[in-house]
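Reader: I have a model open on my screen. Please show me how to read its features one by one.

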Amino acid sequence: LFGTSQFLSRIFIQHPEILDSLVSRSYAVASKSRQAMEKDLSELMKTASHYEDKLDVLRRFRNEEMLRIALNDIYGHTPQGEGTLQLSQLADTCLQKAYRIAREELIPRFGLPFCTDEKGEKHEAAFAIVGMGKLGGSELNYHSDLDIIFIYEGEGQTYPVEGTEPDRFRQQGNPEYFSRLAQRIISVLTLMTREGYVYQIDTRLRPSGNQGPLVTSLSAYERYHQSSAQVWERQALTKARVVVGPETLARRIGELTEQIVYERPVPEGMREEICRLRNRMESEIAREGVDHFNIKTGRGGMVDVEFVAQYLQLLHGGSIRSLRQTNTLKALEALNREHLLNETDFDVLTNGYKFLRRLENKLRLVHDQSINELSNERGYLVKLARRLGYPERPKRPDEVFLAEYQNVTGTIREVFSRVMCDGV
């Protein structure tokens, strides 16, 4: 633990009482279901009576679960892909609890929001959090921000309910109420307390980005994506997954998203547009040089793999439902089964993606931050190669690692260029 990650070591040093948990049977478990995590968190929350206490309990739970996942990861007990699934389920659990905490905090003053159904009957307006990017694909890594969108069911206003204080009650329209709820959820997760924070939140993938409202009604979400959204926004929705929300609203959002992404005609010039976007990311974000690489946005990086999968999903997902996957590796498997990726290209993209995700995982554990940069400095590469398990002989570990990295990214780029950018 101490030899691998400053990030994990700090959690342990700040809370030496975790030692009891580390040697208990629950920490020997490499995999927990989301239901088990939610049950554990609910039990811990019973000890918290005040808002501030709930924030600290949520942070301690996240840290201890992160430690459990990472220790199994470091020790080699976790199959590749299971660690990112565990981290994603942990984020889902924390988002669910943050929503509950925020909702309870607003009741005394604002009550609850209601809307009217087709029969004219009033009911509580449903609310959902949609995970995007790595969260949506259940591919979260250490130190990942959470890309999310907030969607509510429909128009209406708040009414007092049990727990609402009559003297303090202030009626709100649903847009104002849900905006307040979303802001409180973000605060629950990002506020720095003595226990740290839970996650950093990114809401820029919502309709109209930073220029649009923080929360969107389901009808406004549909209108925007049917009329105003750009190609990259449609592409981003291939990763959309409802992580918090009642089943009825989650199903409606899922069906609407599939309709937007897969059942509309493919726009003319989509391939060229995606290729141009990829080139911009490489030149403006990665900015690779002889002394450093970017394993995510650089040449032959993870984005190359993701863009190939997403382009082929958009192209063929309208007629082949099995391609409608939010997880990159599952999307590649489906494309291979449907003979849209041959065995050679499938192996290159799948094995390359796994190699790069494993490397990203190790970099983030070691550096204690969200990082995708890889230095070409020899001493740095030697240490990294040893941590990745490369042997000392017959060649230096850094030489073997660097040769493998360049081979992986080179073959990924060859596939990407052939599929995406030939003739562009």
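**Reading the model**

Author: Start with strand E3. Phe-127, Ile-129 and Gly-131 point one way from E3, Ala-128 and Val-130 point the other way, and all are buried. Buried means under 20% relative accessible area, exposed means over 50%, and partly exposed lies in between (1.4 Å probe, protein chains only). Strands are DSSP runs of E with at least two residues, helices are runs of H or I with at least four, and both are numbered from the N terminus.

Reader: What kind of model is this, and how are residues numbered?

Author: This is a predicted model, in which local features need pLDDT of at least 70, side-chain atom pairs count only at pLDDT 80 or more, and totals for chains, interfaces and linings use all residues. Residues are numbered from 1 along each chain as its sequence is written, and side-chain values use heavy atoms, with hydrogens and water left out.

Reader: How do I read the two directions in a strand?

Author: In a regular strand the side chains alternate between the two faces of the sheet.

Reader: Which strands pair with E3?

Author: Two strands pair if DSSP finds at least two bridges between them. E3 runs antiparallel to strand E4 (residues 146–152), joined by 5 bridges. E3 also runs antiparallel to strand E8 (residues 241–244), with 3 bridges. Take Ile-129: its bridge partner in E4 is Phe-150. In E8, the partner of Ile-129 is Val-244.

Reader: What is the strand order in the open sheet of 3 strands?

Author: The order is E2-E1-E5, with antiparallel pairing. Strand E2 (122–124) and strand E5 (157–159) stand at the edges with a single partner strand each, so one side of each has no neighbour in the sheet. Neighbouring strands here are turned by 50° against each other on average, direction ignored. E1 (residues 112–116) and E5 pair over 3 bridges in the antiparallel sense. Phe-114 stands opposite Gln-157 in E5.

Reader: Which helices pack on that sheet?

Author: Two terms come before the case. Contact means heavy atoms within 4.5 Å. Axes are lines fitted to C-alpha atoms, for helices over the stretch in contact, and angles run from 0 to 180 degrees between N-to-C directions. Helix H5 (residues 82–110) packs on the sheet and touches E1, E2 and E5. The direction of H5 makes about 80° with that of E1. Helix H7 (residues 174–190) also packs on the sheet, touching E1 and E5, at about 140° to the direction of E1.

Reader: How do I read a pocket?

Author: Rolling a probe the size of a water molecule over the atoms shows where empty space is left. On a 1 Å grid over the protein atoms alone, a cavity is a set of points where a 1.4 Å probe fits but cannot get out; a pocket is an open set with protein on both sides within 12 Å along at least five of seven lines, and lining residues have an atom within 4 Å of a point. Grid points are joined across faces, edges and corners, and a volume is the space filled by probe spheres set on the points. The largest pocket holds about 1,300 Å³ of space. It has 35 lining residues, and the closest to its centre are Asp-147, Leu-205, Met-281, Ile-285 and Lys-296. Helix H11 (270–286) is among the elements giving two or more residues to this lining. H11 gives the largest share, 7 residues.

Reader: How do the residues of that lining divide by class?

Author: Ala, Val, Leu, Ile, Met, Phe, Trp, Tyr, Cys and Pro count as nonpolar, Asp, Glu, Lys and Arg as charged, and the others, Gly among them, as polar. The lining of the largest pocket has 11 nonpolar, 10 polar and 14 charged residues.

Reader: Where is Pro-79 placed, and is Pro-79 buried or exposed?

Author: Pro-79 sits in the loop between H4 and H5. Pro-79 counts as exposed, because its relative accessibility is 54%.

Reader: What should I look for in phi?

Author: Most residues other than glycine have a negative phi, and most peptide bonds are trans. Ser-138 has a positive phi, near 55°. Ser-138 is in the loop between H6 and E4, and is buried at 18% relative accessible area. Ser-208 has a positive phi too, near 70°.
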